[in-house]
Amino acid sequence: VGSVAGPQKVRAWGPGLEGGVAGQSADFVVEAIGTDVGTLGFSVEGPSQAKIECDDKGDGSCDVRYWPTEAGEYAVHVLCNNDDIKYSPFMADIKPAPANFKPDKVRAYGPGLESTGTVINKLAEFTVDAKQGGNADLKVYGQDTEGLPIDVKVKDNKDGTYSCSYSPKKPLKHTVMVSWGGVNIPKSPFRVNVGAGSHPEKVKVHGPGVAKTGLKAFEPTYFTVDCAEAGQ
């Protein structure tokens, strides 16, 4: 892939491309669209020299984080074949660390974040527990493999917990990131492999073995069960 086509086949998203907190990692996801994308690269320019880490997940995506040590505006470059991808550089506003801010104490859990078990057109639910996280804002990001945003509904339970839900429409991998005060929480991003579900009403059975007439005792017969449209 040439340097002109390459950058169009890569997308990047997540809290670390918008902002973050000095002294905390600023995280985002980079996803390749198709194969033969090219060579990825990253650079960060700003008030401090920020270390960059990249964790290849082996599924066409990688988790990227950089570590700004001073507040200010940072330019985050995501490169493919040495060219900026679309929207790069991303301008991230890094804030000073507030008092009593503990994003590492925030937890997200529930079936809607598990790698398997979620199916299309059924509500996928999860909980965010920020009771020990200090005062900050919750933000949930999400995209499917096609790059379409996931509409995650968030309800503040007024007790330090949040009830979250979304309804996947396609049997694709969905990726969810949970940030607290602009900082990615432990175990996030969550990659959810959404299944097609089961539709027993679409199972078709046909053949002489299920005919209402014409069957003879003690003679072998057969019939076909067609599950092509019945899902998993």
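Biologist: What is the strand order in the open sheet that holds E1, and which way does the pairing run?

Modeller: The order is E1-E3-E6-E5, and the pairing is antiparallel. Keep in mind that this is a predicted model.

Biologist: Why are strand E1 and strand E5 called edges?

Modeller: Strand E1 (10-13) and strand E5 (51-56) each have a single partner strand, so one side of each has no neighbour in the sheet. Neighbouring strands here are turned by 20 degrees against each other on average, with direction ignored.

Biologist: How do you know that E3 and E6 are paired?

Modeller: Pairing asks for at least two bridges. E3 and E6 have 6, in the antiparallel sense. Therefore E3 and E6 count as paired. As an example, Ala 26 stands opposite Tyr 66 in E6.

Biologist: Which strands make up the open sheet that contains E10?

Modeller: Its 4 strands run in the order E10-E11-E14-E13, with antiparallel pairing. Strand E10 (107-109) and strand E13 (153-156) are the edge strands, and each pairs on one side only. The twist from one strand to the next averages 20 degrees.

Biologist: What makes E14 a partner of both E11 and E13?

Modeller: Set the counts against the cut-off of at least two bridges. Strand E11 (residues 124-129) and strand E14 (residues 161-166) share 6 bridges. E13 and E14 share 4. Both pairs pass, so E14 is paired with each. Cys 164 shows this well: it is the bridge partner of Phe 126, and Val 154 stands opposite Cys 164 too.

Biologist: How many residues lie between the strands in the hairpin of E13 and E14?

Modeller: There are 4. In that hairpin, Lys 158 takes a positive phi near 65 degrees.

Biologist: What is omega at the cis peptide bond between Ser 88 and Pro 89?

Modeller: About 5 degrees. Pro 89 is in the loop between strand E8 (83-84) and strand E9 (90-95). A cis peptide bond also joins Ser 188 and Pro 189, where omega is about 5 degrees. Pro 189 sits in the loop between strand E16 (183-184) and strand E17 (190-193).

Biologist: How many cavities of 30 Å³ or more does a search of the whole structure find?

Modeller: It finds 1. The largest cavity holds about 30 Å³ of space.

Biologist: How do you know how far to trust the chain?

Modeller: The predictor's confidence runs from 0 to 100. The protein averages a pLDDT of 88, and 84% of the residues score at least 70.

Biologist: Where does pLDDT stay under 50?

Modeller: Over residues 1-7. For these residues the model has 16 contacts beyond four places in sequence.

Key: Residues are numbered from 1 along each chain as its sequence is written. This is a predicted model: local features need pLDDT of at least 70, side-chain atom pairs count only at pLDDT 80 or more; totals for chains, interfaces and linings use all residues. Side-chain values use heavy atoms; hydrogens and water are left out. Contact means heavy atoms within 4.5 Å. Helices (H or I, at least four residues) and strands (E, at least two) are DSSP runs, numbered from the N terminus. Axes are lines fitted to C-alpha atoms, for helices over the stretch in contact, and angles run from 0 to 180 degrees between N-to-C directions. On a 1 Å grid over the protein atoms alone, a cavity is a set of points where a 1.4 Å probe fits but cannot get out, and a pocket is an open set with protein on both sides within 12 Å along at least five of seven lines; lining residues have an atom within 4 Å of a point. Grid points are joined across faces, edges and corners, and a volume is the space filled by probe spheres set on the points.
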